[in-house]
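Hello,

Here is the structure for you to look over. My notes follow it.

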Amino acid sequence: MKRGQWQGWGPSEPAEQHYLVQPRALAGGGDLRHVSAFLCASGWRDKSKSGGPLLIESPDRTVRVAYDPYVLPGGWTIHGQADGRNPEWSAHLGRQTPVEIVAGLTDALTTPRSAHASNVWAPLQEQNWHARFEGRDYMATSPDGAAWMQYRQGTDGSALWWTGAKDKQGNGWTASFTPNTPMHLVAAFSAALAEPDPVMRPRGRVPLSTQIRTWSVSVTPSQLSAWQQARITAARAATWAHNSAPRNRPRTRARPYTPVGGSRTHH
């Protein structure tokens, strides 16, 4: 077999330059497939039209995740319809919101809600964010001052979550969540926002900012593919486990087998 047929595979596969970027809140948007591929692997339907905005719908059609770069200001819109338990809600995230932070919210859409009350502020406090009241609002800012999370309450009693990141040059993004947004989704978002680990961006996709730190790394295409596939595999496994759980539960109403002439023990 000719060597040329194996180009891009094995030891001869050329490495590509990427950068680890920190803080992640200022890393720029990133690859949309980080969000969309996970949702599709979790059983969501891709409703995008060719050449149009990204649009993905939940299996029960109650939640839609969209990314539209063709309008101003553009970015992400996650919309949940009213159902028996929750009123209508929506979240709007700017186009430069890192996909790893967007995924904090969208990944949580695919998992059952915990019975425990969600604490939006806990992940931020664990990473030493500075929290305080500002008038009627409650605010937390990252140690470097680049990112924030704010609970804003209006005089009419309405409230919303407002968050974002901005460097000293004014580059960044903002996001907002309507008052009815399920609290576990806001908490999942804040956990992803507070995560201290850097995120990776390819050469040419690193924002020009004096407030970011970068480390050059060499990555092969197969390594990138393997990391992406691991995330997709995890989504499929979680979805399979969730969907198959009811069928695998013990049949508690089944009677124990009794041999002929035997007797059941009564408790």
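Predicted model: local features only at pLDDT ≥ 70, side-chain atom pairs only at ≥ 80, totals over all residues.

Residues are numbered from 1 along each chain as its sequence is written, and side-chain values use heavy atoms, without hydrogens and water. Helices (H or I, at least four residues) and strands (E, at least two) are DSSP runs, numbered from the N terminus.

Thr 97 first. Thr 97 sits in the loop between β6 (89-94) and α2 (99-108). Thr 97 counts as buried because its relative accessibility is 0% (buried means under 20% relative accessible area, with a 1.4 Å probe and protein chains only). Its side chain reaches the backbone oxygen of Gly 94 at 2.7 Å. Beyond neighbours within four places in sequence, Thr 97 is in contact (heavy atoms within 4.5 Å) with Gly 28, Gly 29, Trp 76, Val 102, Trp 173 and Thr 174.

Next, the helix pair. The axes of α2 and α4 (residues 183-194) come within 8 Å and cross at roughly 150°; axes are lines fitted to C-alpha atoms over the stretch in contact, with angles from 0 to 180 degrees between N-to-C directions. The two helices are therefore roughly antiparallel (over 145 degrees). Glu 100, Ile 101, Gly 104, Leu 105 and Ala 108 of α2 meet His 184, Leu 185, Ala 188, Phe 189, Ala 192 and Leu 193 of α4.

Last, α1 (residues 33-41). Its buried residues are Val 35, Ser 36, Phe 38, Leu 39 and Ala 41. Gly 43 follows α1, with a positive phi near 95°.

Best wishes

Notes
Buried < 20%, exposed > 50% of the residue type's maximum accessible area, 1.4 Å probe, protein only. Polar contact = N/O pair within 3.5 Å; in protein donor to acceptor, adjacent residues only side chain to side chain. Parallel < 35°, antiparallel > 145°, perpendicular 65-115°, else oblique.
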